[in-house]
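Hi,

Here is the structure I promised to pass on to you. Have a look at it first, and then read my notes below.

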Amino acid sequence: MCCWIRMEIDSKHRTKDGSWFAFYLALLLFGKQTLAQTRYSIPEEVQEGTVVGNVAKDLGLDITSLIARRFRVVSGSKDAIFEVNQNNGALYVDKHIDREELCQGSGACLMELKILVETPLEIHYVIVEITDVNDHAPSFPEREQILEIAEQTLPGRRFQLHTARDPDAGINSIRTYTLTSNEHFEVNIRQSDAGKIPFLVLKKSLDRENKNKHTLLVTAVDGGKPPKSGTLNVSIIVLDSNDNRPLFSQEIYQIVLQENVAVGTSVFQMNATDLDEDTNGEVEYSLGKTLTRKVYDMFELDKLTGEIIVKGVVDYEENESYELDVEASDKGTPPLAGECRVIIKIKDVNDNPPEIEVTSLSNTVSEDSKPGTVISLISVTDKDSGVNGKMISLILNEVPFELKPSYKENIYAVVTTGVLDREEVSHYDITIKATDCGEPPLSTVKTLSIQISDVNDNIPYFQHAPLAFYLIENNVPGRSVFSVSAQDNDLSENAIISYHIVRQGIQNDVMSFLNVNSENGHISALKSFDFETLKTFQFQVVATDSGTPSLSSNVTVNVFILDQNDNAPVILYPVSSNGSAEGVEEIPRNVNAGHLVTKVRAYDADIGYNGWLLFSLQELTDHSLFGLDRYTGQIRTLRSFTETDEAQHKLVILVKDNGNVSLSATATVVVKVVEPKEAFAASDVKSAAMDEEENNVTFYLMITLGSVSTLFLISIIVLIAMQCSKSTDYTSKYLQEPNYDGTLCHSIQYRSGEKRYMLVGPRMSIGSTIAPGSHANTLMLPDRRTAGEI
């Protein structure tokens, strides 16, 4: 069973007896009603940090789980007055509390708090009542009040005194008024909605000759403990008798005044007469005390001459007329007064421009909207009246929109007049001008900003077609190798492009190893390409937008494989045996300097610089005897042999290519120095072996040249077919030539548009230049084609 819980907490401790009393009372009255809200009470002006109550305990929440469940106060205000302690579940004061600032009036000051916990999500409502403390003393609007009372005034006459104000509520507000002890007056209190109003009551007739002035002290006391008070000094001036009051010639005066007249303009001259003589007949003028503040701000009355003068800006649109109560009072004792009413009617002038109000506006208009589509409703108003309020409206700038009058005057619809195209103009500023018919006419300009929304009416396109990419061989399978990108002049979904490759349907087609990222156009290769087996291929990519219906276009992609240094040099001579290249050369001891001992021959399957081989001596028994040509591989003697030179010399030759990371092979040549007769006898045997070796080298060269020539012819045929089927100039030439020194050298040429690229070997053209951004072996050659060449 749950019950309504009311907890009253003062500034220092909770009142346990009151809580139990409320508990039992709720139990008796409500029985099985469900728990609705937890209520606390705390006085204002308590110190920050004062605990209101343990709200977690009262709500039945586990104290240990408060931090995990993000136990907190949810406040719609930026400055939350109350906060909770997540460590112990206490609700405490976080900011200064001023009840008079939070709640106006004397009613209960209640603040509803939302207590939120999560996991599971729960919200609890807690009511905190801010009780009043007596922190304000009563105060009067003025410190002194002067009353003039004629001596013939009868007892019982009441005179209203200034009312004191106390911001506190309830018992702490004003409880009573007291008056200093005297024989002529007493204080009387009248209760009203605004509070207690004090009146001074004459209980005994005055005698001016006995005493012409009475000084009294009125005290306002509140009900606080201890009570606080405020005082008012009241001066009573006893006046002599006066039996005639001033009179106006009319009870009501009506005056017409044009708006916007200058400040200080005289409106009307008041005139009242009094039949009394001397001071009892001297008249002073004043405005009534009950007029609105606007009248006092707009007009002033000269108390001696009775002239009404303009004090503020007269605006017909703010007030069409003013009513002034004018009082004429004589200087008798006591003074008598007469009243009249002055009605001032304001005449309109054309001083307000028209106002354009947008009552309905579609900021976004679809580009496929039909002519006549309504995009906005506007109303035009003018605060002036008559002809000054008549208006003419039109659109100033050249836009495909017009104003169409509605059934009601000065209500217009803005409609389209032509076909809209977002790709040409995506935004319009419609300038509307409204002009009134006053003299001189006044006008207002209003600008409507209209955005044209997109429809899918543009096909994706590629900046360049066809596309050409250069790909280095031995790429990592699965990685992106290049990307394509299309553009769409539409927006948002209509411009989101997806890509896919057109498959040819052939099992071993190279396109089966390509994959395109549909979102960004990045193309990855599922296998590693080998320049020595595939030098170029072609495929198509389709770009499709996400519009409804979708639009698409395709582009042809030409891929050229670039060589990488992935083949090590192969020693052709000396012939390799048992995994090593080693040969023995015999030369007579009597040879002269420059004698050709032998020549190391090698081959590299790569092209360009990657296939350009250089020879160097890695090991040598005598550096003064033999020299090696780094380009031809020829070993020659540097000087003649002497008797002290050894008979056998070992030369280890290193052959390496010119790739960025060079690859190499080694060959070993053993040179035996023999006497001339022995050399002549061994020449026959050696010549036979040399003939066989030369035949083997020639055979290898023929096989290599034949393979390269075959690839060259196939590539030429494929490129000619591509050239015949496409307008763009893409040609390629594959050239292979043996170096004069026996080392194979390669060069391959590509043509793309107006530029010609060549992968070169050791013999470069003098007029060639390295193509920026290309492979290290790629040169850009000057185009020497004639006008008739393709």
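Before the notes, one term: a residue is called buried under 20% relative accessible area, exposed over 50%, and partly exposed in between, using a 1.4 Å probe and protein chains only. Also, this is a predicted model, in which local features need pLDDT of at least 70 and side-chain atom pairs count only at pLDDT 80 or more, while totals for chains, interfaces and linings use all residues. Residues are numbered from 1 along each chain as its sequence is written, and side-chain values use heavy atoms, with hydrogens and water left out.

Salt bridges

A salt bridge here is a side-chain nitrogen of Lys or Arg within 4 Å of a carboxyl oxygen of Asp or Glu. Searching the whole structure turns up 17 salt bridges. When I say helix or strand, I mean a DSSP run (H or I of at least four residues for helices, E of at least two for strands), numbered from the N terminus.

Let's start with R589 and E675, whose side chains meet in a salt bridge at 3.7 Å, N to O. R589 sits in the loop between β44 (580–588) and β45 (596–599), and E675 in the loop between β51 (664–674) and α5 (676–725), so this pair ties together parts that are 86 residues apart in sequence. Are the two partners buried or exposed? R589 counts as buried because its relative accessibility is 14%, whereas E675, at 43%, counts as partly exposed.

Next up is E118, which forms a salt bridge with R70; their closest N and O atoms are 3.3 Å apart. This pair also links distant parts of the chain: E118 is in the loop between β7 (109–117) and β8 (122–131), and R70 is in the loop between α2 (55–58) and β4 (72–74), 48 residues apart. R70 is partly exposed, with a relative accessibility of 44%. Salt bridges that share partners join R70, R72 and E118 into one network.

Then there is E284 with K331, where the closest N and O atoms of the salt bridge are 3.7 Å apart. E284 belongs to strand β20 (residues 283–287) and K331 to the loop between β23 (321–330) and β24 (337–347), so to speak two distant parts of the chain, 47 residues apart. Both count as partly exposed: E284 has a relative accessible area of 28%, and K331 has 35% relative accessibility.

How many bridges join β5 to β6? Three do, and β6 covers residues 90–93. Within this pair, F82 stands opposite V93 in β6.

Most residues other than glycine have a negative phi, and most peptide bonds are trans. T119, in the loop between β7 and β8, has a positive phi of about 55° although it is not a glycine. T119 counts as exposed, at 65% relative accessibility. The peptide bond from A465 to P466 is cis, with omega near -5°, and P466 lies in the loop between β33 (461–462) and β34 (467–472).

Cheers

Methods
Two strands pair if DSSP finds at least two bridges between them.
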